[in-house]
Amino acid sequence: LSARRSPSSIDAAGLPERLRALCEEPTPDTAEGKNRRLRLSLLRRLLDDPVVYFHELSDDERQYLSGQRGSLLQTIHEATGLHGEVRREGIAMTDEDGDLTDLGIPEEGTEGHVTLLLAEHLAERLRRDPAALVSRAALHRHTAGLIAGHREHWRKDAGLPGAEVWLTDQALERLAALRLCRLSSDGILPLPAVARYAISSAPARGRRRRSS
C-alpha cells in the first residue's frame, strides 16, 4: 500500500473518512507546494490514464504541463520505459514491450481483430465529423459485414446469429477503457486518440494502458 501514513494511525470511524485520511497528502500553501501538487497529479494521470486529453485538465495543470512536459515525460520514461506520444489533443504513454499493459490494441484473436477494425471505422467517422455520434445499431451492422468478410479466419461462434452484437459490445468496452471512444445512451462518440488507428495512418506502434 502506497500511502504517506499508516492505516493503523487513522482513528476515523467510518470507511469513507478513513480512506480520505489515508489519501490526504498535505503540501505547503506556497508556490513550491502548488507546483508539487500539480507535478504529482500530472505524473499520476500520465501513468494511469491511457490518454490524457488537454481539454480535461485545469488551467493550472495545462500551464504547468506546457512548461514542464519534457521533464515529466523524461521522468516517466526513465522510471518505466514508457514513451510519450504527444498529439494536438493530448498525450498517451505507449508501452512498446507490453510489460506494463493490462489492455492493449492491437491484440491477437477474433476479439482483438474486431476491436482493431472497429477502431479503424470509428477513426474514419471521426475524420468525417468529429462531433457526430455513431449509433450502436449502426456498429452492429458494420460488424455483421466484417463477419461476412472474415468469418473463415475467425472463431466458429463468430458466425452464429447475434454474434455481431456481443462482438461489437466487447470491442466497444475495450475501446472505451482505452479512452478511444465514449459510450452513452445516445450513441458512441469517437475520441481524438482513435485517429491513431486510421487506415491511412502509419501502422501503430506500442500499446496503450488503460486506467486502473
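Start with T168, which sits in helix 6. Helices here (H or I, at least four residues) and strands (E, at least two) are DSSP runs, numbered from the N terminus. Before going on, note that this is a predicted model, where local features need pLDDT of at least 70, side-chain atom pairs count only at pLDDT 80 or more, and totals for chains, interfaces and linings use all residues. Residues are numbered from 1 along each chain as its sequence is written, and side-chain values use heavy atoms, with hydrogens and water left out.

Is T168 buried or exposed? Buried, with a relative accessible area of 0%. Buried means under 20% relative accessible area, exposed means over 50%, and partly exposed lies in between, with a 1.4 Å probe and protein chains only.

What does T168 touch? Leaving aside neighbours within four places in sequence, T168 is in contact with L118, L139, H140 and T143. Contact means heavy atoms within 4.5 Å. With T143 there is also a polar contact, side chain to side chain, at 2.6 Å. A polar contact is a pair of N or O atoms within 3.5 Å; within protein, one must be able to donate a hydrogen and the other to accept it, and residues adjacent in sequence count only if both atoms are side-chain atoms.

Now the helix pairs. Two packed helices are described by the angle between their axes and the distance between the axes. Axes are lines fitted to C-alpha atoms, for helices over the stretch in contact, and angles run from 0 to 180 degrees between N-to-C directions.

First pair. Helix 5, residues 136-150, packs on helix 6, residues 163-177, at about 110°, with axes 8 Å apart. That makes helix 5 roughly perpendicular to helix 6. The cut-offs: under 35 degrees is roughly parallel, over 145 roughly antiparallel, 65 to 115 roughly perpendicular, and the rest oblique. On the helix 5 side, the contact uses R136, L139, H140, T143, A144 and I147; on the helix 6 side, A163, E164, V165, L167, T168, D169 and L172. By class, this contact has seven nonpolar, three polar and three charged residues. Ala, Val, Leu, Ile, Met, Phe, Trp, Tyr, Cys and Pro count as nonpolar, Asp, Glu, Lys and Arg as charged, and the others, Gly among them, as polar.

Second pair. Helix 4, residues 109-128, packs on helix 6 at about 70°, with axes 9 Å apart. Helix 4 and helix 6 are therefore roughly perpendicular to each other. Helix 4 brings T110, E111, V114, T115, L118, A119 and L122, while helix 6 brings W166, L167, T168, Q170, A171, L172, R174 and L175. By class, that contact has nine nonpolar, four polar and two charged residues.

Two loop residues next. P106 is in the loop between strand 3 (90-94) and helix 4. P106 is partly exposed, at 37% relative accessibility. P106 and L116 are ten residues apart in sequence, and their C-alpha atoms are 5.9 Å apart.

R179 is in the loop between helix 6 and strand 4 (181-184). Most residues other than glycine have a negative phi. R179 is not a glycine, yet has a positive phi of about 60°. R179 counts as buried, at 18% relative accessibility.

Last, the whole chain. There are six helices and five strands, in the order α-α-β-α-β-β-α-α-α-β-β. Of the 212 residues, 35% count as buried.
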